[in-house]
Amino acid sequence: TELLYLDSEVTYKDLANKVVTVADNSKNTAQPDLSVNKASFEPMLEIDHEKLTDINRDYVCWLSACGNKISYPVVKGRSNEEYLHHTFFGDKSFVGSIFIDYRCNAELNDFQTIIYGHSMKDRTMFRLIADYTDKTFIEQYPYFYIYTPDSRQKYQIFSINLMDANELITALNEPSQTEKEAFISQKIQNSVYAAET
């Protein structure tokens with residue numbers, strides 16, 4: 001099992017080495033945000049989206065978090081089973097891929113986009129997300145980043161909830177403004193601790 005973990009992670013690291021470079025911030029007008037602290041600085045990335053799409057037509061975006069310790073391509077399949085146990089390259093593996101719920105819009109403009117990933121024992125894939133139950137971790141890494149062919153989006157984490165994934169499904173419809181506000185309020189109320197916003 002540990003060998004399979006290693007093989008899959010080496011494959012993803014090899015992919016990242018081919019398609020991801022750290023941007024030269026001195027030439028970029030979008031300077032890094034150091035307003036929280038220097039430890040939380042996450043360098044901007046340059047992603048070869050064209051190469052990723054050539055490898056897999058289901059590629060949607062690149063996700064980066066935790067000082068780029070989480071740094072993976074994100075795909076969208078025809079069902080949530082498709083990439084649960086298939087890698088970005090299409091190989092069958094229980095490590096799987098990082099993927100968005102098939103009912104979400106690939107343009108990532110829904111009220112809520114659900115992104116799934118395994119929590120691996122070797123601390124790869126989404127394992128580091130569990131560290132957000134410790135408030136000092138969110139103070140160090142308060143943001144995550146989504147890179148698409150058209151943009152770089154920065155998101156601040158506002159709530160840490162522990163729940164069954166099926167509890168999220170009700171928010172996949174087109175909620176009214178009142179329903180959106182109630183949903184956000186509930187997530188803040190049920191958070192493990194109050195995150196800074």
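Author: Start with a term. A salt bridge is a side-chain nitrogen of Lys or Arg within 4 Å of a carboxyl oxygen of Asp or Glu. A search of the whole structure finds six of them. This is a predicted model, in which local features need pLDDT of at least 70, side-chain atom pairs count only at pLDDT 80 or more, and totals for chains, interfaces and linings use all residues. Residues are numbered from 1 along each chain as its sequence is written, and side-chain values use heavy atoms, with hydrogens and water left out.

Side chains of opposite charge can pair when their charged atoms come close. Take D14 and K18. Their closest N and O atoms are 3.2 Å apart, in a salt bridge. Both residues lie in helix α1 (residues 2-19), four residues apart, about one turn of the helix. Helices (H or I, at least four residues) and strands (E, at least two) are DSSP runs, numbered from the N terminus.

Now ask how covered each partner is. Buried means under 20% relative accessible area, exposed over 50%, and partly exposed in between, with a 1.4 Å probe and protein chains only. D14 is partly exposed at 38%. K18 is exposed at 54%.

Next comes the salt bridge of D58 with R78, where the closest N and O atoms are 2.7 Å apart. D58 lies in the loop between α2 (49-55) and β3 (59-65), and R78 in the loop between β4 (70-75) and β5 (98-100), so the pair ties together parts that are 20 residues apart in sequence. D58 is buried, with 12% relative accessibility. R78 is exposed, at 55%. Salt bridges that share partners join D58, R78 and E82 into one network.

Seven of the seven residues in β3 are buried. Two strands pair if DSSP finds at least two bridges between them. β3 and β4 pair in the antiparallel sense over six bridges. Within that pairing, C61 has V74 of β4 as its bridge partner. The hairpin of β3 and β4 has four residues between the strands, and C66 there takes a positive phi near 55°. β3 also runs antiparallel to strand β7 (residues 143-147), joined by four bridges. There, S64 stands opposite Y145 in β7. In a regular strand the side chains alternate between the two faces of the sheet.

Rings come next. Rings of Phe, Tyr and Trp (its six-membered ring) pair if their centres lie within 6.5 Å; planes under 30 degrees apart count as stacked, over 60 as edge-to-face and the rest as tilted. The structure holds nine aromatic pairs. In one of them, Y12 and Y72 have ring centres 5.4 Å apart and planes at 80°, so the pair is edge-to-face. This pair links distant parts of the chain: Y12 is in helix α1 and Y72 in strand β4, 60 residues apart. Y12 and Y72 are both buried.

One more contact involves a ring. A charge sits over a ring if NZ of Lys or CZ of Arg is within 6 Å of the ring centre and within 35 degrees of the ring normal. K154 lies over the face of Y143, at 4.0 Å from the ring centre.
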